[in-house]
Amino acid sequence: MTIRKQRPKIGDLLEIKLPRGLAYVQYVGRHAEYGDAIWVRPTVYRIRPADFGKLIDKAGYLTFYPARAAVSQGLTQVVASSQLPHSISIPHRYRRVGARSRDGKVLTWIIVDDGRETLRHTLNESERKLPIAAIWNHQMLCDRIDDQWFPESEG
């Protein structure tokens, strides 16, 4: 049974229809600067899973996406709710693009940790896994899920 809500709540699982199936993200909460945060599971399912609990354990990453607007516009829908794993929360540590070359390549990253900023020309392994502070629109989220993209892909 589908649960319909106007605003997702923390822990709500949102279903996204893609051309080749269904994808799921979990609403994490609201970041003061970047808005709605979601946990993305970059897996596409041909049919809706019978047990949403198994999705919670899947590998994923955190990003920023206007989930509340997407639900109210019908781009996605709330299909279940579950407690967030303890390891998933609104990030206090993330990275954002510092400088880009003329062709769009990222030259520097800024690591933000509780408001303190550090400039990096190269990222270590743990920094490459940090959420990227950018707000994705619906198409970008769909494309990234379809491509099985992870933050480690950039940096």
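In which segment does Q148 lie? Q148 lies in the segment after α4, where helices (H or I, at least four residues) and strands (E, at least two) are DSSP runs numbered from the N terminus.

## Basis of the report

The structure is a predicted model, in which local features need pLDDT of at least 70 and side-chain atom pairs count only at pLDDT 80 or more, while totals for chains, interfaces and linings use all residues. Residues are numbered from 1 along each chain as its sequence is written, and side-chain values use heavy atoms, with hydrogens and water left out.

## Salt bridges

Side chains of opposite charge can pair when their charged atoms come close. Nine salt bridges are found in a search of the whole structure; the term denotes a side-chain nitrogen of Lys or Arg within 4 Å of a carboxyl oxygen of Asp or Glu. One of them joins D146 to R20, with 2.5 Å between the closest N and O atoms. This pair links distant parts of the chain, 126 residues apart: D146 belongs to helix α4 (residues 138-146), and R20 to the loop between β1 (12-18) and β2 (21-31). D146 is partly exposed at 32% relative accessibility, and R20 is partly exposed at 47%. In these terms, buried means under 20% relative accessible area, exposed means over 50%, and partly exposed lies in between (1.4 Å probe, protein chains only).

A salt bridge also connects R93 and D113, at 3.5 Å from N to O. R93 is in strand β6 (residues 93-100) and D113 in strand β7 (residues 106-113), so the pair ties together parts that are 20 residues apart in sequence. Both partners are partly exposed: R93 has a relative accessible area of 27%, and D113 has 22%. Through salt bridges that share partners, R30, D36 and R68 are joined into one network. Within it, the side chains of D36 and R30 meet at 2.9 Å, N to O. D36 is buried, with a relative accessible area of 4%, whereas R30 is partly exposed at 49%.

## The surroundings of T76

T76 is located in strand β5 (residues 76-81) and is buried, at 4% relative accessibility. A polar atom of the T76 side chain lies 2.6 Å from the backbone oxygen of E15. Apart from neighbours within four places in sequence, T76 is in contact (heavy atoms within 4.5 Å) with L14, E15, I16, Y65, A70 and V71.

## The largest pocket

Rolling a probe the size of a water molecule over the atoms shows where empty space is left. A pocket is an open set of points on a 1 Å grid over the protein atoms alone, where a 1.4 Å probe fits, with protein on both sides within 12 Å along at least five of seven lines; lining residues have an atom within 4 Å of a point. The largest pocket holds about 260 Å³ of space, a volume being the space filled by probe spheres set on the points.

Its lining consists of 16 residues, and those nearest the centre of the pocket are L62, S87, S89, P91 and P131. By class, nine lining residues are nonpolar, four are polar and three are charged. Here Ala, Val, Leu, Ile, Met, Phe, Trp, Tyr, Cys and Pro count as nonpolar, Asp, Glu, Lys and Arg as charged, and the others, Gly among them, as polar.

## Positive phi angles

D114, a residue other than glycine, has a positive phi near 50°. D114 is placed in the loop between β7 and β8 (116-120) and is exposed, with a relative accessible area of 53%. Q148 is likewise not a glycine, and its phi is positive, at about 55°.

Key: Polar contact = N/O pair within 3.5 Å; in protein donor to acceptor, adjacent residues only side chain to side chain.
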